[in-house]
Amino acid sequence: QREKLERDVFDSLYKNPTIGIRCPEDPVAHQLLLHTLHPVVAPSANLAGESPAVNGKQVLNSLSGRIDMILDAGPSKYGLNSTVVKIGKKGLDVLRAGIKSEQDIRTSSMVKFLFVCTGNTCRSPMAEGIFKKYLAEKLDANVDEIERIGYTVESAGMMGSVGFPASPQSVIACASRGVDIKAHRNNALTEKLIEESDLIFVMDSGHYERVVSLVPEAANRCMLLDKNGRVPDPIGQSQDVYGRCADQIEKAVKQRLSELVI
């Protein structure tokens, strides 16, 4: 944006070097932003240090002589300060409490990745573990810091069984790549899990069809992990086959992470 804005405008909008983005809930504000053809700069409707204005009259009392027009959509729904959140690569910090609590903000801002295979004991546990490793590297963090920063990574299986560990071959294949999945216990694919996930990666088209049959709205956020095709099931085969499966998963994970703006 620096090339598109005059220096004083850029310096006013960007500080250290951040920019504040407002997310209004009011439908009139939404319509205004929808129909305007230009960027909108939106300071607070009150002077610094004053209580938040909750209706047009209070705005006028505070800013009379400083503004040309008031678009009055009625009194504020909440009558409270907006919540101010600083978002960075290391997660978010609530700078000012307001309408939304810190817990509300952290819950709604969490990005959830889900990996799906048939039994959740081979392919998807390996994908989950390997994805966590490379996501942590992308975030310049440790694996155990991922959730605090704002990301969760889970896996599930179509068979519906719960509580079984990852196969020994999967554990070995991951360990050779510096990934520990010994604590994994399989989980069943459910509508709730699908609905809560932002991106869903599956191993083959059958898994995709199952996800979409449970939650049709998930079609546009569910995709094959490997763009080049299915990840074959190694169950019951040799350790070498598991190793090749992990190789394919690792390559696909790196490709998918390279596409994500994080």
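A residue counts as exposed when its relative accessible area is over 50%, and as buried when that area is under 20%. These two cut-offs are used throughout the legends below, which describe a predicted model.

**Figure 1. Overview of the predicted protein, with its 10 helices and 8 strands.** The radius of gyration is 24 Å, well over the 18 Å that the globule rule gives for 262 residues, so the protein is more spread out than a compact globule. Along the principal axes, the C-alpha atoms occupy a box of roughly 80 × 40 × 30 Å. Of the 262 residues, 34% are buried. The accessible surface is about 16400 Å², and carbon and sulfur atoms account for 53% of this area. Counting contacts between residues at least 6 apart in sequence, 59% link residues that are at least 24 apart. There are 32 positive and 33 negative side chains, and the centres of these two sets are 3 Å from each other.

**Figure 2. Asp 140, in the loop between α5 and α6 (146-149).** The relative accessibility of Asp 140 is 60%, which is over 50%, and therefore the residue counts as exposed. Its phi is near 55 degrees, a positive value in a residue other than glycine. Most residues other than glycine have a negative phi.

**Figure 3. Asn 120, in the loop between β5 (111-117) and α5.** Asn 120 is not a glycine, yet its phi is positive, at about 60 degrees. Is Asn 120 buried or exposed? With a relative accessibility of 0%, Asn 120 counts as buried. Asp 140 also has a positive phi, but that residue counts as exposed.

**Figure 4. Arg 123, in helix α5 (residues 123-138).** Arg 123 counts as buried because its relative accessibility is 2%, under the 20% cut-off. Which side chain makes a polar contact with the side chain of Arg 123? The partner is the side chain of Thr 118, at 3.3 Å. The side chain of Arg 123 also reaches the backbone oxygen of Val 231, at 2.8 Å. When neighbours within four places in sequence are left aside, the residues in contact with Arg 123 include Cys 117, Thr 118, Met 203, Asp 204 and His 207. Also in contact with Arg 123 are Arg 230, Val 231, Pro 232, Asp 233, Pro 234, Cys 245 and Ile 249. The C-alpha atom of Cys 174, a residue 51 places away along the chain, is separated from that of Arg 123 by 11 Å.

**Figure 5. Tyr 151, in strand β6 (residues 151-157).** Tyr 151 has a relative accessible area of 14% and is therefore buried. Apart from neighbours within four places in sequence, Tyr 151 is in contact with Met 110, Val 111, Phe 113, Leu 135, Leu 139, Ile 146 and Ile 262.

**Figure 6. Ser 51, in the loop between α2 (27-35) and α3.** Ser 51 counts as exposed, with a relative accessibility of 63%. How far apart are the C-alpha atoms of Ser 51 and Asn 81? They are separated by 8.2 Å, and the residues are 30 apart along the chain.

**Figure 7. Leu 80, in the loop between α3 (56-63) and β3 (84-88).** Leaving aside neighbours within four places in sequence, Leu 80 is in contact with Pro 52 and Ile 99. Between the C-alpha atoms of Leu 80 and Val 212 there is a separation of 40 Å, and these residues are 132 apart along the chain.

Notes:
Residues numbered from 1 in each chain as written. Predicted model: local features only at pLDDT ≥ 70, side-chain atom pairs only at ≥ 80, totals over all residues. Heavy atoms only, no water. Helix = DSSP H or I, 4+ residues; strand = E, 2+ residues; numbered from the N terminus. Buried < 20%, exposed > 50% of the residue type's maximum accessible area, 1.4 Å probe, protein only. Contact = heavy atoms within 4.5 Å. Polar contact = N/O pair within 3.5 Å; in protein donor to acceptor, adjacent residues only side chain to side chain. Rg over C-alpha atoms; globule rule 2.2 N^0.38 Å. Areas by Shrake-Rupley, 256 points an atom, 1.4 Å probe, with all protein chains shown as cover. Lys, Arg positive; Asp, Glu negative; His and termini not counted. Charge placed at Lys NZ, Arg CZ, Asp CG, Glu CD.
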